[in-house]
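Welcome! Please take a look at the model below, and then let us walk through it together.

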Number of protein chains: 2
Amino acid sequence: MQQKKGGRAMAVRILFQPSGRRIKVRQRETVLETIRQNGLEIRAVCGGHGTCGKCKVRVHIKGRPMQNLIREGAVNPLTWNEKKCLTLQERQKNFRLACCLELYQDATVEIPAESRTEQGVIVERGRRARFLLNPRVQSVCVTMSPPSLEDFRSDEERLCEAVACETGRMKEKTCCRYGLLLRLPALLRKCRWRVQAVFLSSGEATEIIDAGPVPETENPELYGMAVDLGTTTIAASLADLSTGRVLARCSCMNGQICCGDDVVSRISHVMMHSDGLRQLADLVRQDIGRLAGDLAEKAGIRAERIYEMIVAGNTVMEHLFLGLDPERIGKSPFVSVLRRPVTLPAGQLGLKVPQFGDVSCLPIEAGFVGADNVAVLLAERLDQQPVRTMVIDIGTNGEIDYGDAEGIWSTSCATGPALEGAEISCGMRAAPGAIERVRIDAATGLPFCRVIGGGKPKGICGSGIIDVIAEFVRCGLIGPDGTFRKETDSPRLRPAGRHSREFVLATAEESGTGKELVITQKDVRAVQLAKGALYAGAVLLIRAGGGKAPERILLAGAFGSYIDKENACRIRMFPLCPGAVIESIGNAASEGALAALFDRDLRDKAGELSRQIRFVEAASQTDFQRLFFEGTMFPDHSKEK
Amino acid sequence: MQQKKGGRAMAVRILFQPSGRRIKVRQRETVLETIRQNGLEIRAVCGGHGTCGKCKVRVHIKGRPMQNLIREGAVNPLTWNEKKCLTLQERQKNFRLACCLELYQDATVEIPAESRTEQGVIVERGRRARFLLNPRVQSVCVTMSPPSLEDFRSDEERLCEAVACETGRMKEKTCCRYGLLLRLPALLRKCRWRVQAVFLSSGEATEIIDAGPVPETENPELYGMAVDLGTTTIAASLADLSTGRVLARCSCMNGQICCGDDVVSRISHVMMHSDGLRQLADLVRQDIGRLAGDLAEKAGIRAERIYEMIVAGNTVMEHLFLGLDPERIGKSPFVSVLRRPVTLPAGQLGLKVPQFGDVSCLPIEAGFVGADNVAVLLAERLDQQPVRTMVIDIGTNGEIDYGDAEGIWSTSCATGPALEGAEISCGMRAAPGAIERVRIDAATGLPFCRVIGGGKPKGICGSGIIDVIAEFVRCGLIGPDGTFRKETDSPRLRPAGRHSREFVLATAEESGTGKELVITQKDVRAVQLAKGALYAGAVLLIRAGGGKAPERILLAGAFGSYIDKENACRIRMFPLCPGAVIESIGNAASEGALAALFDRDLRDKAGELSRQIRFVEAASQTDFQRLFFEGTMFPDHSKEK
Ligand code: FES
Ligand code: FES
């Protein structure tokens with residue numbers, strides 16, 4: 001055991017459980033920092049500010065109680081935040097917050113299951129529209145005459161002219177990428193002047209990016225990758241650019257989660273750490289690199305034949321991926337560094353895939369409304385719809401688009417993470433163990449829950465929250481203003497504190513954590529705030545677009561696929577639109593990115609689209625307050641009964 | 001002292017003299033390799049093949065003679081090449097060839113002066129034509145309105161639109177370079193929305209590459225660098241792009257010299273070493289990087305304000321600089337990898353300057369005729385000349401251009417390095433100690449020499465060779481076929497071998513090396529071969545161009561500036577053109593590169609020019625042999641006397 005002696009800290013080692021990894025602590029580092037530095041998983045929703053209380057860990061040093069450890073100088077004293085976030089019981093069990101904890105002696109640190117980040121669930125239920133197959137990456141097989149005394153053209157000219165001749169493209173505007181030049185002489189001779197050339201076309205220009213032996217089969221082996229870069233989950237698809245088929249899909253947790261659950265805490269991570277931006281960029285690039293490898297393996301193709309990658313993410317995620325400072329996206333007036341689409345050789349971002357091709361980020365709409373939304377619009381071709389259509393994408397931010405061939409309006413509303421299960425006392429992501437459906441028996445007042453993956457519930461996810469609130473409304477457990485009624489007699493409704501009440505969704509015995517799962521008044525309020533923002537945004541958007549009620553409402557994203565649409569209408573998540581068809585469109589951002597991969601003109605369209613969209617800054621409208629408040633209210637079903 | 005024991009070599013250290021550096025030898029490494037690896041200077045004209053005999057070094061191990069050292073296993077035995085290249089005397093003095101020598105014991109290795117590479121002399125006597133000042137790099141100062149709730153454009157849009165508005169360039173075609181985006185948000189705010197933007201314009205497109213505080217003076221601080229990338233010497237100029245003034249010039253030895261003196265040995269270095277290409281590319285890039293720093297310091301500017309670099313070199317040098325395989329440039333049909341001009345961000349070549357801008361290589365003409373020649377044509381605007389003009393650039397290769405506004409013809413002739421002083425028994429580069437002018441007194445037959453830098457002569461350089469041969473001709477010491485006449489009575493002419501004769505230019509006492517400086521029959525032959533090639537090339541070029549005799553002959557390069565033009569005519573270096581004006585135009589390649597820096601349209605012109613030039617493959621013409629032979633002959637001045 002090593003101790004701080006005379007001010008000079010000796011090396012301290014932590015054994016992490018259950019991973020079993022033994023890690024040396026760097027000086028003046030919190031345990032959260034050690035965990036992050038070494039790629040271990042832990043929840044840190046607030047980004048390490050000691051406010052979310054999610055990063056609980058348990059400290060074991062020779063079975064000694066915390067007070068003794070603090071007295072002996074083995075750990076730092078409890079911080080004010082820890083006293084607030086940890087129950088007395090937890091403190092007695094040596095629980096601490098990883099982000100507030102410093103260790104000065106060798107210790108074992110247990111990261112309990114509830115503090116670990118779980119693998120998310122992602123919907124894979126795209127209904128792809130038919131797109132023209134017109135990819136930016138194409139190939140052609142050419143035969144060149146070998147050099148002679150009469151024909152001493154350079155290798156590059158020889159290849160460019162052969163490609164231009166074969167494709168009918170302009171000879172003067174055909175060139176080879178520098179990276180290919182480095183390999184060209186050996187390659188042309190090895191292939192005996194007969195090669196398959198892979199090229200990018202944009203406008204009249206042709207850039208040859210790769211060349212190699214003519215493939216033996218008909219398959220030109222041209223692949224592309226579409227990435228839906230979410231704050232929580234990264235979903236990637238591998239597509240065959242010559243057939244338009246999707247060959248494989250993979251997804252993973254966004255590795256940045258260890259630096260904060262939502263974009264706001266990631267931005268603050270960048271602001272608080274001198275190399276925070278680089279760190280976050282590295283994390284997400286590593287994830288994407290791994291996904292590329294996984295996809296190639298899954299589809300049985302060579303990763304170097306992936307020639308293009310299209311990334312669609314929200315504004316902050318695209319900035320972090322590109323290594324651009326996201327600081328000002330997070331505060332009014334929500335200014336991003338970049339809005340335009342950007343295309344770079346993958347190597348410039350330190351990516352290995354595509355090895356010979358480019359990475360493109362779809363254009364950002366405005367401020368918080370990102371390229372993922374543009375991708376959704378691309379997938380649904382909102383600009384070609386004959387009827388007024390509203391697209392609602394609920395994540396940590398709600399993004400709403402509204403329009404048709406006549407015009408598109410768009411807004412973003414700060415729904416907060418409640419609808420994703422975060423900031424709800426027993427909330428969790430849509431992962432195994434989460435309650436996804438709730439039904440309350442109006443007669444007995446008892447709840448029935450459906451749990452993802454079956455078994456006992458560990459928490460509640462977004463769709464479960466909608467359900468439980470809708471059931472509260474239906475059964476009259478809460479009034480129009482969202483307050484738990486006193487006069488109901490559900491056995492699960494009980495007082496909490498002096499003025500408040502709460503609903504026990506699962507008792508300690510019923511739950512998978514051994515603790516009660518409770519919906520508090522504060523949880524109901526969180527949902528009210530979210531739906532109020534959504535409602536106000538939608539109303540203002542319809543108003544900006546001329547007041548025509550939407551005939552179709554499309555729900556995008558995982559959340560849209562999971563929620564019970566009837567319940568969503570019951571709690572008036574969206575403005576009531578009589579006769580409107582509500583549809584889930586799945587991971588439309590992924591579909592939009594794929595569409596841009598298959599049709600290069602659509603990509604230009606994305607740029608156009610992003611400029612055409614009229615962005616409505618909802619919060620700055622005079623009516624917003626009133627509408628927001630109106631939106632927080634529930635319909636009074638009790639009276640209907 | 002450490003010895004090879006049981007097959008396992010222990011670390012061997014060499015103390016190099018006169019540099020005094022002590023270097024550890026890697027296993028199975030020749031002394032030449034050790035010297036190269038550690039950046040010491042040594043001549044290795046043949047590139048380390050043991051054939052040129054220039055890499056002589058002297059081995060000292062406790063004063064022991066070589067035979068003993070070999071017997072004791074301290075060094076490897078003499079190779080066959082060493083036995084050929086080293087005199088008995090040299091061998092007795094422990095001389096070896098560095099490229100053949102391996103040491104197994106600690107030793108002192110002396111690199112004698114004649115084996116060291118000397119600093120070259122470069123002409124700095126450009127007579128710059130007036131060029132339109134129309135650089136690719138420009139700047140503008142713009143003021144933006146800060147973001148607000150009404151104006152939430154991204155930082156990039158804000159800057160691009162301000163620049164487009166101020167310059168009148170197209171808004172849609174204005175963008176920021178990725179590297180600038182990384183710095184942009186902090187920068188705009190630090191400068192309070194008022195910046196100087198540096199941009200590149202090409203066609204309708206505008207790319208903003210840098211931005212910073214508005215300069216306090218009128219000077220926008222935009223600089224460019226022009227590099228004449230020679231096989232032996234690299235000459236660089238720093239220019240102010242806003243005034244067209246040249247601020248500083250620097251030159252240095254091409255560091256690749258340690259891997260061979262001429263392009264042929266450099267190509268073979270690439271072929272013989274697995275990482276030879278990378279090594280040569282690194283060497284020249286390091287040299288250029290150092291020159292950039294020197295220039296900035298000399299001119300008192302900040303190196304990061306150098307936004308552009310234009311490189312003009314021969315085909316092999318440009319390939320090596322770009323890291324492209326030069327192998328096939330060296331053999332018929334002389335095919336290069338690339339001919340077109342190429343522009344890359346400097347970072348892609350691992351260069352630090354220009355930090356924010358580009359490096360451009362001028363286009364290559366064909367095979368051996370490189371961008372340096374294109375630069376010469378640019379400088380002289382041969383395509384606008386009203387009268388037939390011939391430009392002769394003599395280096396290791398002779399490059400001849402011929403034409404006027406009606407057309408340009410060009411050829412390359414293998415003059416060999418004789419005219420540069422190499423491959424002449426006492427030849428050396430035009431460096432201090434070299435004989436640059438020779439006069440032979442017809443009466444006494446005694447030579448008078450002028451030495452660069454004064455003092456005793458150490459060898460003879462190109463212009464001296466021309467002089468001495470012209471004097472032989474004038475004094476009738478050699479006949480029309482170049483053979484030393486027997487009947488002359490110069491005291492310096494003496495028999496050599498059974499059938500040959502030689503001329504003693506400096507006796508052992510007169511010379512600075514303590515050895516005689518002798519012009520042998522073989523030396524005369526070398527000059528004959530060179531002038532034969534030049535003559536045949538020029539005649540064939542004139543013929544290809546319609547037979548009009550040139551009215552002006554321009555001699556480019558250092559050699560052209562130094563030679564005595566009358567003597568060159570006397571030995572019939574060029575076809576005799578009655579009435580033609582012969583002019584030296586100095587380092588025209590540098591001037592051409594500068595011109596391209598000042599006028600971006602001229603750069604496009606270079607591409608055009610390189611395509612317009614009709615390249616004449618002289619050696620493949622049926623008449624070549626006869627003309628070549630005719631060209632080797634001297635006029636018979638003895639008869640005129
Ligand atoms: S409390 Fe949020 S990370 Fe520690
Ligand atoms: S003999 Fe030419 S380098 Fe050694």
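**A tour of the two chains**

Helices (H or I, at least four residues) and strands (E, at least two) are DSSP runs, numbered from the N terminus. The phi of B:Arg381 is near 45 degrees, a positive value in a residue other than glycine. Most residues other than glycine have a negative phi, and most peptide bonds are trans.

Before going further, a word on what you see: this is a predicted model, in which local features need pLDDT of at least 70 and side-chain atom pairs count only at pLDDT 80 or more, while totals for chains, interfaces and linings use all residues. Residues are numbered from 1 along each chain as its sequence is written, chains are lettered from A and ligands numbered from 1 in the order in which they are written, and side-chain values use heavy atoms, leaving out hydrogens and water.

Now look for a cis peptide bond. One joins B:Val353 to B:Pro354, with omega near -5 degrees, and B:Pro354 lies in the loop between β14 (342-345) and β15 (358-361) of chain B. In chain A, the bond between A:Val353 and A:Pro354 is cis, with omega about -5 degrees.

Next, find two helices of chain B, α8 (residues 276-299) and α9 (residues 315-322), which pack at an angle of about 95 degrees with their axes 7 Å apart. That makes α8(B) roughly perpendicular to α9(B) (65 to 115 degrees). Axes here are lines fitted to C-alpha atoms over the stretch in contact, and angles run from 0 to 180 degrees between N-to-C directions.

How do the two chains relate? Chain A can be laid on chain B with an RMSD of 0.2 Å by a turn of 180 degrees and a shift of 0.1 Å along the axis, superposing by least squares on C-alpha atoms of residues with pLDDT of at least 70 in both. The copies are thus related as by a two-fold rotation axis.

Where they meet, 41 residues of chain A contact 41 residues of chain B. 100% of the interface residues of chain A are also interface residues in chain B, so the copies meet through the same surface. Four salt bridges are counted between the chains (a side-chain nitrogen of Lys or Arg within 4 Å of a carboxyl oxygen of Asp or Glu). B:Glu157 forms a salt bridge with A:Arg339, their closest N and O atoms being 3.4 Å apart.

Note on methods
Contact means heavy atoms within 4.5 Å. Angles under 35 degrees count as roughly parallel, over 145 as roughly antiparallel, 65 to 115 as roughly perpendicular and the rest as oblique.
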